[in-house]
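Please look at the sequence and the structure first.

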Amino acid sequence: RFSADVPGSVTMSAEMGRLADATCGFRDGMLCLVGRAGQFGTRFAVLLSMTSDGGEVKEGGGKLLVENSNAVTLLLSCGTDFAGADPVEEALRIMHKAKDKSLDDLRSSHISSHEELFGRVSLELGKEVSDSEELATDERLEKVRQGGEDTALVATFFDYGRYLLIASSRPHHDGNSLPANQQGIWNCSLTPPWNSDFHTNINIQMNYWHAETCSLPECHEPLFNWMRTLAANGERTASAHYGCRGWVAHHISDPWGFSVPGDGAGCGLWPTGGAWLCDHLWEHYMFSGDIDFLRDTAWPMISGACRFFLDFLVEDSSGRLLCGPSLSPENSYRLPDGKKGKLCMGPAMDNQILRELFAHALECAEVLGEEAPILDEMRSALPRLPPDRIGSDGRLLEWADEYGEIEPGHRHVSHLWAVFPGSQITNRDTPELADACRRVIAERLRHGGAHTGWSAAWLINLLAHLDDPEGAHSMLLKMLRKCTHPNLFDNHPPFQIDGNFGAASGITEMLLQSSPGCLHVLPALPASWSDGYFRGLRCRGGVTVSAKWRSRRLQYLSLFSPREQTVSLRIGCKPDHLKIPLDKCSVFELDQDTMDTLGEV
């Protein structure tokens with residue numbers, strides 16, 4: 001909406017164009033840009049409508065023109081043939097819906113739609129508004145780059161990660177929405193980095209790490225819808241490429257569910273991308289308790305992924321089941337004779353992913369009362385997967401054998417999957433393995449690791465789960481100082497959105513962690529976050545948590561549960577657990593005496 005404080009003073013023109021593969025004309029008094037993404041790509045159409053208050057809109061020279069108007073409103077709509085529609089007709093349908101509403105109605109419906117999701121969670125870090133908050137965002141970021149700290153900017157960075165997911169991964173009424181890709185929806189190039197595709201060896205998964213914890217389960221739905229297409233294609237790939245049952249997906253995909261190996265054997269011959277995605281199905285159930293989702297969506301894909309690996313795994317001379325040929329994503333090793341290798345059998349990450357895949361499948365079957373013969377195959381295979389092992393230098397092994405590293409500061413830390421997003425390695429249950437993981441991180445960082453935005457974001461989450469709040473905070477500051485553009489977009493480099501999403505997840509995991517029946521509040525609170533407040537973060541079991549603390553002392557804690565359950569509550573670094581019975585749809589508030597007894601968290 002363009003307007004001025006002097007009547008009749010708005011004179012303007014509007015035109016549309018594209019760098020290639022599109023032409024612009026007129027349709028029903030509107031500009032109409034039509035084209036195709038290359039010779040064989042998606043067809044698209046964009047309509048631009050101009051309406052004037054007090055002036056006449058004209059067509060001329062391929063533009064819409066207006067002179068001496070009081071105010072001008074532009075409406076823009078888009079359509080594609082991705083879901084089989086005619087692009088122009090789809091753009092017209094949307095345009096007519098928009099024209100039926102006033103400008104105020106359009107704005108208010110947009111705001112309310114966004115606020116319904118964004119307003120579920122809030123975060124404050126610090127007691128008072130700092131002087132830096134009076135500066136523009138890029139100026140505040142620059143002060144952090146120069147060595148300063150700005151806890152309010154951290155809260156803004158967290159909010160930004162939630163905003164970006166809401167804006168790029170919303171479920172549509174027709175079910176044809178797509179998940180956020182490598183750039184979310186903010187690609188400005190005809191030849192974008194990584195083709196704006198879906199990388200399943202961490203990137204698309206990282207995009208959704210904060211969907212459940214930040215109370216945005218609806219934003220997870222486009223990922224699940226796309227996975228149905230991926231799994232259907234993956235069945236053909238499993239049969240044609242490997243002669244296996246079930247379905248499989250490798251490390252790159254696209255909106256049409258590309259599932260075959262691609263991008264060269266050194267990256268592409270990695271068969272556990274689909275299995276990792278299945279972890280998101282299980283997590284959605286753990287947070288929601290939605291049995292219908294578990295039965296209709298999760299179980300078919302989880303059991304299908306299990307079927308593939310039950311056929312694909314290879315028995316070695318000791319009776320173990322190895323996943324391969326495979327690799328540890330994008331990394332390579334040095335053989336004793338000096339040669340470089342990438343392909344392998346039984347890399348640590350695959351073993352970790354498959355342990356959780358089979359375990360989740362068995363739990364899923366128990367909940368649903370499934371009694372399929374495949375369950376006996378899973379029970380037999382699960383204990384034969386190789387365990388995690390520690391090398392001679394005290395670090396967790398990335399491969400089945402202890403090879404030399406070619407790139408000791410590599411950006412991927414794939415063999416730490418069991419710490420996060422997995423849950424097999426913890427300080428409390430597996431302290432030796434946890435220490436071996438810390439040694440991996442220390443060595444990677446010593447050699448310049450975490451030099452990309454998403455890699456630094458992954459380490460925030462890992463260090464939070466390894467009970468290292470200062471390490472997690474240091475990695476967050478590194479992201480802001482080294483891997484963040486002035487508009488707060490993640491800088492891989494170049495721009496890649498998973499770092500934004502991974503950072504939002506990391507901040508969440510510093511404030512709240514959970515496992516089934518267990519909540520850990522403020523598990524990795526750094527010294528500089530001595531005061532703060534959060535509202536609306538979610539845990540497994542569907543519990544919504546809000547907390548306030550001052551000088552590292554808890555002042556308020558509330559839990560809201562959608563169902564009756566008893567949870568084990570741990571606060572800060574305290575080793576003790578509190579057993580809290582929660583009633584259905586009621587708020588539990590921790591009493592003041594208990595908070596006083598806790599002291600510093």
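A polar contact is a pair of N or O atoms within 3.5 Å; within protein, one must be able to donate a hydrogen and the other to accept it, and residues adjacent in sequence count only if both atoms are side-chain atoms. The model is predicted, so local features need pLDDT of at least 70 and side-chain atom pairs count only at pLDDT 80 or more, while totals for chains, interfaces and linings use all residues. Residues are numbered from 1 along each chain as its sequence is written, and side-chain values use heavy atoms, with hydrogens and water left out.

Helices (H or I, at least four residues) and strands (E, at least two) are DSSP runs, numbered from the N terminus. The expected span in the table is 1.5 Å times one less than the number of residues in the helix.

| Helix | Residues | Length | Span, first to last C-alpha | Expected span |
|---|---|---|---|---|
| α1 | 87-99 | 13 residues | 18 Å | 18 Å |
| α4 | 151-168 | 18 residues | 26 Å | 26 Å |

At the start of α1, a side-chain oxygen of Asp86 comes within 3.1 Å of the backbone nitrogen of Val88. At the start of α4, a side-chain oxygen of Asp150 lies within 3.2 Å of the backbone nitrogen of Ala152.

Buried means under 20% relative accessible area, exposed over 50%, and partly exposed in between (1.4 Å probe, protein chains only). Because 13 of its 18 residues are buried, α4 is largely enclosed by the rest of the structure. In α1, the buried residues are Pro87, Val88, Glu90, Ala91, Leu92, Met95 and Ala98. Their cover includes β3, β4, β5, β8 and α2. Pro87 has 4% relative accessibility and therefore counts as buried. Contact means heavy atoms within 4.5 Å; not counting residues up to four places away in sequence, Pro87 touches Arg43, Phe44, Ala45, Gly79, Thr80 and Asp81.

The other topic is a pocket. On a 1 Å grid over the protein atoms alone, a pocket is an open set of points where a 1.4 Å probe fits, with protein on both sides within 12 Å along at least five of seven lines; lining residues have an atom within 4 Å of a point. The second largest pocket is lined by 32 residues, and those nearest its centre are Ser423, Thr426, His465, Ser514 and Ser515. Helix α10 gives the largest share of this lining, 5 residues. His465 belongs to helix α13, and its side chain makes a polar contact of 2.8 Å with that of Glu509.
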